[in-house]
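Please read the following report with the sequence and the structure side by side, and look up each residue as it is named.

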Amino acid sequence: HTLRAIKNVQCTINESISSTVEGSFCDGLILAADALHRRTKGKKYKRKVVMITDAEHELEVNGEQLQCVLDGLNDMEAQLVVVGIGFEEGVSIPSNDEDSDGDSDKEPDAVVSGIEEEDGTIIKEEGNPDEMTHDIKQENGMRQLIKRENEKLLLSIVQETNGCILAANGGNLTELLRTQLPCLAGMKKSQRKKYEFRIAPNLKVTARSAYLTEQHKMPTTIKEAYQFHPETGEKLRDGNGELMTSPTRLLTEHFDDEDNIVPYDNRTDAYRYGSDLIPVGKMDLLGINAAFVSPESIEMIGYLDRMDVISSNLLMGPAYAVTGGESKKSRTAIAALSQALEETDKVGFCRLVRTKNGDPKIGALLPKLDGCETREQGGRYLVFLQLPFADDLQHHFDRPIPLESRGDFKDEQVCDDLIDSMMLPDDEFQSEQVSSPALKAHNRMIAHFAMNPMSPEEEMQEEGLAEERISEASQAKPLCDFDVVKMLSKNATKQIDAFVENFPLVEHRPEDDKKEHFWGDASRSK
């Protein structure tokens, strides 16, 4: 409903005076914080306030009131994100001294211009020819000064709330918010997990852990039941014309051989062992886990060479950021350990218990540097990546490749040329800066139908919407349609043709498949 209501927002100010009406982003922040508090008080939310402003109008700031609002946002753990229209790139705001450019602001001297008449006399005109534009330049200079001061104020505000400023200079706001927002790892909201970090025997500190990477899956749908009119049997609609539904719940029933429902107290759990079923109760499982009872902790076992771990290709996700949290001693110890691992080119081999009495995991602690080594810009911490146990490994034994199928020097050269021609440019197409195309299409589709509801006829279709209608709403764009991919494919056309010519593709025909042979086939053929 919010997205649809935005379309109906209209300006109530007289258009003749609209250019002279000024707004205050401080007042907007106060209203947003108040609404956020009233609607989310006592509930679990990831709170965030997004402010879109050009910061070009002069403000009257009440310091006590503004500080009260910032304290309230911090209590709610709400993050402020400022989308600055016309802001400079980067977070740093230049000072007045840096903006002064020598004689750039000096007024031009008065000049004497001469116009020669037909009789040879010269009419002299004294004065400044730029006099009319001088007032305009002075007004623009004052506006820029106000804008710079407001940017500095916004910078101090977002630093209070662990937020950020995003410069939007004609870019797509959706992509800007999705790709440029800072990672939540290390912020208050994600630092809930508290661990006992045992760096060495008789040496332990308190650490915090948060998700650094986590697979973002497609949202699941909510199943609800239509409400029908008791007499006509038609689907009911509310005052807004939308179909009325009611929540549903899932029940699981178990049946015996005679199709009778088995009561809950007559059921049991069992593990299959060969052809037998071994009954196991909850107390039995607790007895097994008793040997591994442990609080949430990270225990350093030893150290390994970094290249041995990285080259093994056995690192598993997700990744966890291990920081010192609020303790100054813990932050110092973890930062020192991270720097020592970086200088010695080692990684820590450790044991992690993420949940109380949970299954232990083994993994590697890698050093990580976020930004500069200052408190304001970032610092050093550790990253935990899981390593597999022997039971987690899948052993695949491929058939040996015959010598005649290994190719010669020409084949190797064709492959090398193809790879060289399709090398990605530096800082291009980095995965952490590219949103999932499937998720983007899903979000566009949901937003499209939220603002443009389906017609009653489309809602009643049991087979769903047509594929063209979904494509129009989602604007799906797979990775192969990205400009970088198209550019590489175009530049590598010659090398691709050479590869196809050297390794011709053969169309697969099902009738050519070899039938599966059994040990008795040879005796039957005789």
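Ser 421 has its place in helix α10, which covers residues 409-421, in what is a predicted model. With a relative accessible area of 16%, Ser 421 counts as buried, because the cut-off for that word is a value under 20%.

Which residues does Ser 421 touch, if those up to four places away in sequence are not counted? They are Leu 488, Ala 492 and Gln 495.

## Leu 382 in strand β16

Leu 382 lies in strand β16, made up of residues 379-387, and this leucine is buried, with a relative accessible area of 0%. When the neighbours within four places in sequence are left aside, the contacts of Leu 382 include Phe 197, Tyr 320, Ala 321 and Val 322. The list also holds Ile 334, Leu 337, Ser 338 and Leu 341, together with Leu 365, Leu 366 and Pro 367.

One of these contacts, Ser 338, can also be described by its distance: from C-alpha to C-alpha, Leu 382 and Ser 338 are 6.0 Å apart, although 44 residues separate them in sequence.

## Two asparagines with positive phi

Asn 162 is not a glycine, and yet its phi angle is positive, at about 55 degrees. Asn 162 is found in the loop between α5 (131-160) and β5 (164-168), where it is partly exposed, with a relative accessible area of 38%.

Asn 202 also has a positive phi, near 65 degrees, in a residue other than glycine. The loop that holds Asn 202 runs between β6 (193-200) and β7 (203-211). Is Asn 202 buried or exposed? Its relative accessible area is 87%, so Asn 202 counts as exposed, the cut-off for this being over 50%.

## Cysteines and disulfides

A disulfide is a covalent bond that joins the sulfur atoms of two cysteines. How many disulfides does the structure hold? The number is 0. Among the cysteines, Cys 350 is buried, with a relative accessible area of 0%, whereas Cys 415 is partly exposed, with a value of 27%.

## The second largest pocket

The second largest pocket has a volume of about 1,200 Å³, and 28 residues line it. Of these lining residues, Ile 222, Ile 446, Phe 449, Met 454 and Glu 459 lie nearest the centre of the pocket. The elements that give two or more residues to the lining are β8 (224-226), α11 (437-451) and α12 (456-459), and the largest share, 5 residues, comes from α11.

Sorted by class, the lining of this pocket has 13 nonpolar residues, 9 polar residues and 6 charged residues.

## The chain as a whole

The protein chain has 16 helices and 16 strands, and of its 526 residues, 22% count as buried. Its accessible surface comes to about 39,900 Å², and 52% of that surface belongs to carbon and sulfur atoms.

If we take the contacts in the chain between residues at least 6 apart in sequence, 68% of them join residues at least 24 apart.

Notes: Residues numbered from 1 in each chain as written. Predicted model: local features only at pLDDT ≥ 70, side-chain atom pairs only at ≥ 80, totals over all residues. Heavy atoms only, no water. 1 Å grid on protein atoms, 1.4 Å probe; cavity = no way out; pocket = protein on both sides within 12 Å on 5 of 7 lines; lining within 4 Å. Points joined across faces, edges and corners; volume = space filled by probe spheres on them. Helix = DSSP H or I, 4+ residues; strand = E, 2+ residues; numbered from the N terminus. Nonpolar A, V, L, I, M, F, W, Y, C, P; charged D, E, K, R; others polar. Buried < 20%, exposed > 50% of the residue type's maximum accessible area, 1.4 Å probe, protein only. Contact = heavy atoms within 4.5 Å. Areas by Shrake-Rupley, 256 points an atom, 1.4 Å probe, with all protein chains shown as cover. Disulfide = S-S within 2.5 Å.
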